[in-house]
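Let us walk through this model together, one region at a time. Have the coordinates open and follow along as we go.

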Amino acid sequence: MGEERFGEFVLVRRREYVAELVLDRPKAMNAVSTAMAGSIAAACTALAADRDVRVTVVTSSHERAFCVGADLKERNSLTDAELVRQRPVARGAYTGVLELPMPTIAAVHGFALGGGFELALSCDLIVADGTAVVGLPEVSVGVIPGGGGTQLLPRRVGAARAAELIFTARRLEAAEAAELGLVDVLVEAGRDREEALALGARIAANSPVGLRAAKRALRLGHGLDLRAGLEVEDAAWRSVAFSGDRAEGVAAFNEKRKPQWPGE
């Protein structure tokens, strides 16, 4: 298992075909400062370029929080001009996770609020344990979700439900979050990381070419009318139909053996 640190607050662990992107600012409950945002973006750039990574799991090193959102102490010290300059850096953290080409899973426990929940929403799947508390409380401090929340949450739970949650700024505990579809898998307290990594390993056993193409089709086709969506799917199918992975997958099936994916 290899480890690589990106700045002070982000750690990437690689084990076989699964990468773990660890939010590692425990003294601040992983509040996203400018420096931490830049490190998340840099880690995502490195992961996106690594063809050996088939799945990325986003985890936390803090025992009571996934991420509490933006570093409001830092924000309070910024002038308007500094906040304008900081915005692209902050945004880069969320788009970095959102645009990872491989499947992504968030392992959530404790607080995942504001930008912290937006990091989770940027992933394809969210595994949460029984201690999780999620929400987008930004309007309660005079701003709005700025890491994709106003766009990602409605895609999960519908426009009216997202409006209620964002307008009230309320926090949801794990059971309600699972019931409403804000998280995908609910596990026992303390098992979010373990279960997310296990899920990542199951996904990573499949064709890396197929996984990336399937994610592309799912993401690009969402919200399109059926005819346009089917064209997106066809383009993704064509990108894998003549790949080495497709040839290996068919051969392995017929020979009743485990595929050895070439990843091309």
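In which strand does T56 lie? T56 is part of strand β4 (residues 55-60), where helices (H or I, at least four residues) and strands (E, at least two) are DSSP runs, numbered from the N terminus. Before going further, a word on the ground rules: this is a predicted model, in which local features need pLDDT of at least 70 and side-chain atom pairs count only at pLDDT 80 or more, while totals for chains, interfaces and linings use all residues. Residues are numbered from 1 along each chain as its sequence is written, and side-chain values use heavy atoms, with hydrogens and water left out.

Back to T56. With a relative accessible area of 0%, T56 is buried; the word stands for under 20% relative accessible area, with exposed meaning over 50% and partly exposed in between (1.4 Å probe, protein chains only). Setting aside residues up to four places away in sequence, T56 touches A19, L21, L47, L100, M102, P103, T104 and I105, a contact being heavy atoms within 4.5 Å. From T56 to E99 the chain runs 43 residues, and their C-alpha atoms are separated by 12 Å.

I105 stands opposite L125 in β8, and β6 and β8 run parallel, joined by four bridges. Two strands count as paired if DSSP finds at least two bridges between them. β8 (residues 125-129) also pairs with strand β11 (residues 185-187), again in the parallel sense, over three bridges, and here A128 stands opposite L186. Strand β8 is mostly covered, as four of its five residues are buried. In a regular strand the side chains alternate between the two faces of the sheet.

Now turn to an open sheet of four strands, in the order β5-β7-β9-β10, with mixed pairing. Because β5 (65-67) and β10 (172-173) stand at the edges with a single partner strand each, one side of each is left without a neighbour in the sheet. β10 and strand β9 (residues 133-135) pair in the antiparallel sense over two bridges, with V133 opposite E173.

What about the packing of the interior? A nonpolar core here is a set of buried Ala, Val, Leu, Ile, Met, Phe, Trp, Tyr and Cys residues joined through side-chain atoms within 4.5 Å. The largest such core has 47 residues, and those with the most contacts inside it are F66 and L153. Helix α1 (residues 34-48) gives the most to this core, with six residues. L153 touches F117, L121, L136, G158, A162, L165, I166 and L182, not counting residues up to four places away in sequence. A second, separate core has 13 residues, including A107, V127, V187 and L199.

Pockets come next. On a 1 Å grid over the protein atoms alone, a pocket is an open set of points where a 1.4 Å probe fits, with protein on both sides within 12 Å along at least five of seven lines; lining residues have an atom within 4 Å of a point. A volume is the space filled by probe spheres set on the points, which are joined across faces, edges and corners. The largest pocket holds about 920 Å³ of space. Of its 35 lining residues, G69, A70, D71, L72 and R75 lie nearest its centre, and α3 gives the most to the lining, with six residues. The second largest pocket holds about 700 Å³ and is lined by 24 residues, with C123, D124, K215, L218 and R219 nearest its centre. The largest share of that lining, eight residues, comes from α9.

Finally, look at some loops. Most residues other than glycine have a negative phi. N30, in the loop between β3 and α1, has a positive phi near 65°, and N30 is buried at 0% relative accessibility. A169, in the loop between α6 (159-168) and β10, has a positive phi of about 60° and is buried with a relative accessible area of 14%. Y17, in the loop between β2 (10-15) and β3 (18-23), counts as partly exposed at 36% relative accessibility. Leaving aside neighbours within four places in sequence, Y17 is in contact with D52, V53, R54, V55 and A204.
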